Amino acid sequence: MKSTNKVNRPKMRRNYSETFKKARVKDYEEGTFSVAQIGRLYSIHVNILYRWISKYSSYDQQKAIIVEVPNSQTEKVKLLEKRVAELERSLGQKQIKLDYYESFIEELREAGIDVEKKSGFTTPLSGSCRNTDQK
């Protein structure tokens, strides 16, 4: 006879309030999230979500057919998240360079070396800052 270490426990059923169910159906109907995204966010199987949609949807139940365009919103969100990550990475690299240059300039100043730009003339103001129409 084999002995197993597994303990047979009954599965816990999660109960959701009616307001929670209606809120998730509303998220779906407004296009905020797809059924798959809601399922991942709240760890709910998509079949349960479709059941909620058929029960609580504001659309006419007899004529409505649920059709999701795959990769429309999801792909857009993924592309935008990827772009944000790239921009954050680039900004971080620029900030590191800026901090390095500032510390380098400070060390040169402490060593008595002046590295500020010195020119024989002053930079003229841009046209938007001065009034050129004086007569």
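Does Phe-104 count as buried, partly exposed or exposed, and at what relative accessibility? Phe-104 has a relative accessibility of 41%, so this residue counts as partly exposed. Keep in mind as we go that the model is predicted.

Let's stay with Phe-104 and look at a partner ring. The structure holds 6 aromatic pairs. In one of them, the ring centres of Tyr-100 and Phe-104 lie 6.3 Å apart with their planes at 15 degrees, so the pair is stacked; the cut-off for stacking is an angle under 30 degrees. Tyr-100 sits in helix α4, which covers residues 73–110. Because Tyr-100 and Phe-104 are 4 residues apart in helix α4, about one helical turn separates them. Tyr-100 has a relative accessible area of 52%, and since the cut-off for exposed is over 50%, Tyr-100 counts as exposed.

Both residues also belong to a wider surface feature. Together with Tyr-101, Ile-105, Ile-113 and Val-115, Tyr-100 and Phe-104 form a nonpolar patch with about 570 Å² of accessible area.

Now let's turn to the interior. In soluble globular proteins, nonpolar side chains tend to be buried together. Here the largest nonpolar core has 9 residues, among them Val-25, Ile-44, Leu-49 and Trp-52. Helices α1 (18–29), α2 (35–42) and α3 (46–56) each provide at least two residues of this core, and α3 contributes the most, with 4.

Beyond its neighbours within four places in sequence, Trp-52 contacts Tyr-16, Phe-20, Lys-21, Arg-24, Val-25, Ile-44 and Ser-57. Trp-52 is also part of a cluster linked by ring pairs, along with Tyr-16, Phe-20 and Tyr-42.

Note on methods:
Residues numbered from 1 in each chain as written. Predicted model: local features only at pLDDT ≥ 70, side-chain atom pairs only at ≥ 80, totals over all residues. Heavy atoms only, no water. Patch = residues over 30% accessible without salt bridge, like charges linked within 9 Å, V, L, I, M, F, W, Y side chains within 5 Å. Areas by Shrake-Rupley, 256 points an atom, 1.4 Å probe, with all protein chains shown as cover. Salt bridge = Lys/Arg side-chain N within 4 Å of Asp/Glu carboxyl O. Core = buried A, V, L, I, M, F, W, Y, C linked by side-chain atoms within 4.5 Å. Buried < 20%, exposed > 50% of the residue type's maximum accessible area, 1.4 Å probe, protein only. Contact = heavy atoms within 4.5 Å. Phe/Tyr/Trp six-rings, centres within 6.5 Å; stacked < 30°, edge-to-face > 60°.
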